[in-house]
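Have the model open in your viewer and follow along.

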Amino acid sequence: MRRRFFQIWSVMLVLCAQVGHADVLTDQAETLTRINLVGQQRLLAVEISMSACMVMTGVDVEANAALVKTSADTFERFSVALQAGDPELALPPETHPEILANYTVVGHSWQTFAAASRQIAWGGIQSVTVRQVLALGPVIVRDIQIAAELVETVYREKLVTKKEMTRTIDIAARQGMLAMLLGQQFCFAALDINRAAMQDDLRATMELFAVSMDAMANGDYDMGIIDPPSLAALGTMQDMKGLWENAVPVLDIALADPDNARDVLQDLEPITLSLLDLSQKMLKIYLN
């Protein structure tokens with residue numbers, strides 16, 4: 001079993017450790033938890049789509065099917081925590097009506113998307129379930145992004161020491177999502193499902209990943225991203241850049257030779273997971 005599920009909870013434990021007795025520290029921990037949980041949901045939705053596609057291609061079927069189920073269960077637990085609260089995360093119920101309305105919108109799409117993804121993981125690969133995953137995955141990510149921006153706007157005033165880092169934290173969380181999106185778009189292009197659109201999306205995702213990576217490595221005032229805060233952060237970004245150099249030629253196969261892209265899916269999957277690992281490592285550095 002892969003480490004993804006445990007990485008999410010390691011981030012949660014870091015956040016829980018920040019909870020103090022003072023109201024200010026409690027507000028700080030609550031805000032960071034909310035921002036991070038919404039960001040993790042965005043990642044999980046894309047990860048589910050990618051793993052479902054990998055199941056369809058026959059790549060690491062058992063592990064990918066398990067990841068669909070685990071990620072869907074985690075997404076749903078986070079949804080409950082964000083709306084109803086979670087004592088383990090020292091997270092009270094959400095009360096902001098606009099945020100709650102956004103979560104309701106996400107929930108409507110999620111029910112169908114999750115059912116279709118789980119059915120694929122269980123071996124029920126049908127045209128209708130594939131279409132539902134393809135159609136609803138981007139909708140859920142879009143609606144979660146709207147929710148994430150609203151949460152950041154509403155709660156960032158409660159931050160004391162990390163107010164200026166909310167954008168940096170969001171970009172770091174998004175980078176992990178983009179790593180999974182690369183794998184998802186490559187996989188569907190390899191399967192010749194909406195190939196032209198998937199190739200266009202893959203080009204855009206590659207460009208966004210590279211731009212965000214450079215901004216995280218050097219800092220970018222215009223994007224609202226701080227300079228790397230430690231030697232550990234610098235080292236992590238160097239590792240990410242090195243891995244990215246190896247990833248680009250593989251990703252380019254889906255653009256230049258898509259008929260043979262399926263043959264390298266087995267090689268691409270560990271690269272995207274490693275990019276995700278490094279993105280999650282940067283996120284934890286920023287949260288600390």
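Start with the largest pocket: 21 residues line it, and those nearest its centre are Pro138, Leu181, Gln184, Gln185 and Asp201. Helices H2, H5, H6 and H7 (195-218) are the elements that each give two or more residues to this lining. Helices here are DSSP runs of H or I with at least four residues, numbered from the N terminus. The volume of the largest pocket is about 400 Å³.

Before going on, some ground rules. This is a predicted model, in which local features need pLDDT of at least 70 and side-chain atom pairs count only at pLDDT 80 or more, while totals for chains, interfaces and linings use all residues. Residues are numbered from 1 along each chain as its sequence is written, and side-chain values use heavy atoms, with hydrogens and water left out.

The geometry behind the word "pocket" is a 1 Å grid over the protein atoms alone: a pocket is an open set of points with protein on both sides within 12 Å along at least five of seven lines, a cavity is a set where a 1.4 Å probe fits but cannot get out, and lining residues have an atom within 4 Å of a point. Points are joined across faces, edges and corners, and a volume is the space filled by probe spheres set on them.

H2 (23-57), H5 (127-155) and H6 (166-190) each supply at least two of the lining residues, with H2 giving the largest share, five residues. By class, that makes six nonpolar, two polar and three charged residues around the cavity.

What joins Cys53 to Cys187? A disulfide does, with an S to S distance of 2.1 Å; the cut-off for calling a pair of cysteine sulfur atoms a disulfide is within 2.5 Å. Cys53 sits in H2 and Cys187 in H6, so the pair ties together parts that are 134 residues apart in sequence. The torsion about the S-S bond of Cys53 and Cys187 is about -95 degrees, so the disulfide is left-handed. The structure holds one disulfide. Both Cys53 and Cys187 are buried, where buried means under 20% relative accessible area, exposed means over 50%, and partly exposed is in between (1.4 Å probe, protein chains only).

H6 reaches 36 Å from its first C-alpha to its last, close to the 36 Å expected at 1.5 Å a residue. That expected span is 1.5 Å times one less than the number of residues. Just after H6, Asp192 takes a positive phi of about 60 degrees.

The end C-alpha atoms of H5 are 42 Å apart, which agrees with the 42 Å its 29 residues should span. H5 bends by about 30 degrees at Leu136, and Pro138 follows within four residues. A bend is the angle between axes fitted to the seven residues ending at a residue and the seven starting there. H4 bends by about 35 degrees at Trp110, and Gly123, which follows H4, has a positive phi near 100 degrees.

Asp60 lies between H2 and H3 (61-84) and has a positive phi near 45 degrees; at 35% relative accessibility, Asp60 counts as partly exposed. Ala90, in the loop between H3 and H4 (97-121), is not a glycine either, yet its phi is positive at about 55 degrees.

Definitions and conventions
Nonpolar A, V, L, I, M, F, W, Y, C, P; charged D, E, K, R; others polar.
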